[in-house]
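Here are my notes on this structure, in numbered points. Please read them with the model open.

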Amino acid sequence: MMIGLLAFENNQGLWNGGYYSQFFGIGGVMVTVAILWLSTGYFGIGAPFAPYFWPYLGQLPKKKEQRRPVRVYMDGCFDLMHYGHANALRQAKLLGDQLVVGVVSDEEIVANKGPPVLSMEERLTLVSGLKWVDEVIPNAPYEITEEFMNALFNKYDIDYIIHGDDPCLLPDGTDAYALAKKAGRYKQIKRTEGVSSTDIVGRILLTFKHKAVNENAGAEPCGQMKSQLSNFLPTSRRIVQFSNGQAPSPGARVVYIDGAFDLFHAGHVEILRSARQLGDFLLVGVHDDQAIRERRGCGPIMHLHERTLSVLACRYVDEVIIGAPWEVSRDMITTFNISLVVHGTVAERSSAGEVDPYALPKSMGIFQTVTSPKTITSVSVATRIIDNHEAYKKRNLKKKASEDMYYTQKKFVSGD
């Protein structure tokens, strides 16, 4: 269908673009002569049936009128960015042509929810790195006040304000989007099942508590509990929604980078941006849970399909290998026509004495080390939560109770 639409637009160009001059050249004179002959007998030969042709002349393609793009606004804290945030913004983009995203300030998050894990700069990097986002407003208010709503409508040309179907209440119990609803400029999207920032914080707290207990007992850390904690049920439909659905063009320079991409953070976005700049097509390998556990002694917080969606949502990524091999093989390089394999200077801890997974591309002269723009890692993000254990535990108690009740009572979920 897309090819057909493109073809239609190209044909429209005969009428809309620079072809008018050709139409009104020799061909234009001939058409004028024919019309005069058919309608009036100007040259001595009349055509009484000519008026029947006039209705059909109105069916000639006309220049398409320019329509102002529909601009929609959605805000959020976007702390511990996950595929649920990404899917919310994907749904919001479908309700308009341009998506403007407000990132709530640190102060507003503290006042309404508790301390954020990520800084404003990190959250801005994550939101800006999503493929569906067109514009970002930093330090947005948590509540849609009348003053801010008027600024959205008048300064940013926003047509609709978007939020999920889960309630967003202020400390006094009132609806944060009440004014937008009253103004008739509010639209709602479906919540994404299986994940939330509260859920992720809970996983981190439980994981590190479990790890500490096991290490004190002399047992292997972590274990198999991550899959038991997640409520996410992966579907092919969701992966298709996040995917670009495009293969590299003939002769494209394919760049490959791999990793765990756990707790997808600003460091991931920046290294993916750097890798994408080295070629025409960025292929990302996401290692499976078992491979990470074997080499790092601890499994990831987010499981394979959750991490895959987070990577796919990044605007710099063209394609993902789900459960990519730890070592880059010759068959893999040939299969995906990889021109360059890259790796950042900042990475999570790996097992000592391990075989170099990039030995082959190095021997082929197609390996490059890329300086990581940020030093942040998944472990450093988790450590922030552990270091403020009591604060995050308290923050999670209320929300976790409501989420547990939701999963206990839910019967059927439809939507995107």
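1. A search of the whole structure turns up zero disulfides, a disulfide being a pair of cysteine sulfur atoms within 2.5 Å. Cysteine 77 counts as buried because its relative accessibility is 10%. Cysteine 314 is buried too, at 1%. Buried means under 20% relative accessible area, exposed over 50%, and partly exposed in between (1.4 Å probe, protein chains only).

2. A word on the source. This is a predicted model, where local features need pLDDT of at least 70 and side-chain atom pairs count only at pLDDT 80 or more, while totals for chains, interfaces and linings use all residues. Residues are numbered from 1 along each chain as its sequence is written, and side-chain values use heavy atoms, with hydrogens and water left out.

3. Now arginine 90. This residue sits in helix 5 (residues 83-94); helices are DSSP runs (H or I, at least four residues), numbered from the N terminus. Arginine 90 counts as buried because its relative accessibility is 7%.

4. What does arginine 90 touch, leaving out residues up to four places away in sequence? The partners are Trp132, Arg238, Gln241, Phe242 and Asp416, with contact meaning heavy atoms within 4.5 Å.

5. Arginine 90 and alanine 313 are 223 residues apart along the chain, yet 9.0 Å separates their C-alpha atoms.

Technical notes
Helix = DSSP H or I, 4+ residues; strand = E, 2+ residues; numbered from the N terminus.
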